[in-house]
Amino acid sequence: MTTFEAILLTIVTASTPLLIAALGELVTERSGVLNLGVEGMMAMGAACSFAAAVTFDSTVLGVAAGMLAGALMAALFALLVLGFAANQTGSGLALTILGLGLSGLVGAPFVGARRDPVPPVDIPGLSDIPVIGRLFFEQDLFVYASITLTILVALYLVRTRSGLTLRSIGENHTSANALGLPVWRVRFWAILFGGACAGLAGAYLALVYTRFWSPGMTAGRGWIALALVVFAAWRPGWVLVGAYIFGAATVLQLHAQAAQFGVPSQLLSAVPYLATILALLLLSIRHGRAIGAPGSLGVPFVPDR
Amino acid sequence: MFSGKVFGALAGAAVLALSAGGAVAQPKDKIKVGFIYVGPVGDHGWSYQHDQGRQAIEKAFPGKVTTTFVESVPEADSERAIEQLARTGHDLIFTTSFGFMEPTLKVAKKYPNIKFEHATGFKRAPNLATYAAKFHEGRYIIGQIAGKMTKTDTIGYVGAFPIPEVIAGINAFYLGAQSVNPDVKIKIVFANTWYDPAKEGDAAKALLDQGVDVLAQHTDSPAPIQAAEARGKFGFGQASDMERFAPKAQLTAIVDNWSDYYVARTKAVLDGTWKSEDTWGGLDSKMVVMTPYKNMPDDVKKLAEETEAAIRSGKLNPFKCPIIGQDGKEIECKGNGALSDEQVLGMNFYVKGIEDKIPQ
């Protein structure tokens, strides 16, 4: 394996959890709900998936537990912001703090346990193609799932009636309600989907990326996922691009240091964040406002009577 | 710096004890000992090792000492947590991160009858002692092992931040490697975090991808050594024994062993002999402990054991003079035949042979 291939492989691993979490948040936000609790749901996903995977010695059950944990956290959030029309920003932040704390409790007995690596899917023949072979045809299942998920979310939002409903509710929940669209029900499922994705991203971190669990291991990736949704102007394809730019910037700066390019590491560490700010700037210069933001994003829905 | 300050602090303590009259320490039957940790007990590293020390106290004085701890205390908000312990009847309080220095000092002044101990800091008071460990002694040994074990003559180092503590570790590691392998090169990556398992792992992978085959780390999670294990390369455990994460890759681990110190200090409070001092312990005081040397040929193991013994007995100092800087000029030798403690604690240069620059 050449250095080039190795770098590309690391970039894929670094980008995948960001992509999965950001896709979930994108669907939630397109329905008009801002859930700032991604970090907390991801932390719970990581802890519960690792706990289940170790207890039952099964990666599949681990992943299921991670997604379930994320979805349950999201359900709690849904209860607050839909049931009680609570402030979404506050509820989301509370969810993050709760998730980080609760994950410490859940994971405490599993500190120090380790899991064996999840074997990559090896497609015979194809994975022997030089350079692109290993990159495209010998990844773990999560990577393929994340790409498939991107396509499905894009198709769902643009091509299906249900996706159209979700988008119109996100654009203007009052009108949507007047048209008789089920605002609460759609938003509930969108929030749950976001939670399950965050949980899946957490499961990937704990089971594939690091293969051990320790408190606070999400280390801010939930926040990056939130930034990615804005970076992508709420479009799934751009979330994919953004996640990979972000992953690449993170990994490449480490390689630049190892290769002694003489660029300050602090600056290099900041590159992904600077890229996000730059992208936002360019988007708003071209369009006058942050394009793509759903009209009802973050506004509590209280129907007129 | 240290000997002078210790003396000053002792003199200060004596004066205060005299002037306060009644504040002279008395032997006690039952005490409460409190701990403040910067990270979670489950970090596998820094805070985990401090908690091992706390448990050692419980074991050493059954029925006489009760302990409590507060984990994951943000440095900016630590004053409240420390004061909480002070108010709830603790006789001895350990605050275990550099960033707790000012808050500890503040609370210590408010509660002159409670003993405080602050790890890795330099501010003392009559009722506030400081302690730290000479991890660079261990890093010199692992440097020698790395220098012997590398086949590519390229060794790697995952650092947290370019601060003196980390720089001194890198220099000690490289000097050790150079002493047994003059051709050895080092590649250094700063993760710019103490704790982000995924990123630490990526930093390690970047080094391994660029030809590094023996890896040292100065970040807190087992991710780097685990990356070495996955690639069939070698690494060293940091802060605690990480063998279970990398049974084939871990050559040895530098373990922070606070247990003996914590037990001794607790006993001092029980006996009424506690004094404010500065302790900088190394291999000799067992504050720094090497785990068994494994996964290496016998001659390398023998070399490591000899070096460990030499450092412990004081025959060998990793920073013995002459130390040559990157510019080829000799660093002024302010200690006795070696760099002074002050120079080590404030180290801001790489030694000759390291081709990288310290990020500014």
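Author: Axes here are lines fitted to C-alpha atoms, for helices over the stretch in contact, and angles run from 0 to 180 degrees between N-to-C directions. Helices are DSSP runs (H or I, at least four residues), numbered from the N terminus. This is a predicted model, in which local features need pLDDT of at least 70 and side-chain atom pairs count only at pLDDT 80 or more, while totals for chains, interfaces and linings use all residues. Residues are numbered from 1 along each chain as its sequence is written, and chains are lettered from A in the order in which they are written.

Two packed helices are described by the angle between their axes and the distance between the axes. For helix 11 (residues 236–258) of chain A and helix 7 (residues 197–209) of chain B, the axes come within 9 Å and cross at roughly 45°. That makes helix 11 of chain A oblique to helix 7 of chain B, since angles under 35 degrees count as roughly parallel, over 145 as roughly antiparallel, 65 to 115 as roughly perpendicular and the rest as oblique. The crossing of these two helices is right-handed, meaning that the near helix is turned clockwise from the far one by less than a right angle.

From helix 11 of chain A, the residues A:Thr250, A:Val251, A:Leu254, A:His255 and A:Ala258 meet B:Asp202, B:Ala203, B:Ala206 and B:Leu207 of helix 7 of chain B; contact requires C-beta atoms, placed from the backbone, within 7 Å. The residues of this contact divide into 6 nonpolar, 2 polar and 1 charged. Ala, Val, Leu, Ile, Met, Phe, Trp, Tyr, Cys and Pro count as nonpolar, Asp, Glu, Lys and Arg as charged, and the others, Gly among them, as polar.

Notes: Two residues are in contact if their C-beta atoms, placed from the backbone, lie within 7 Å.
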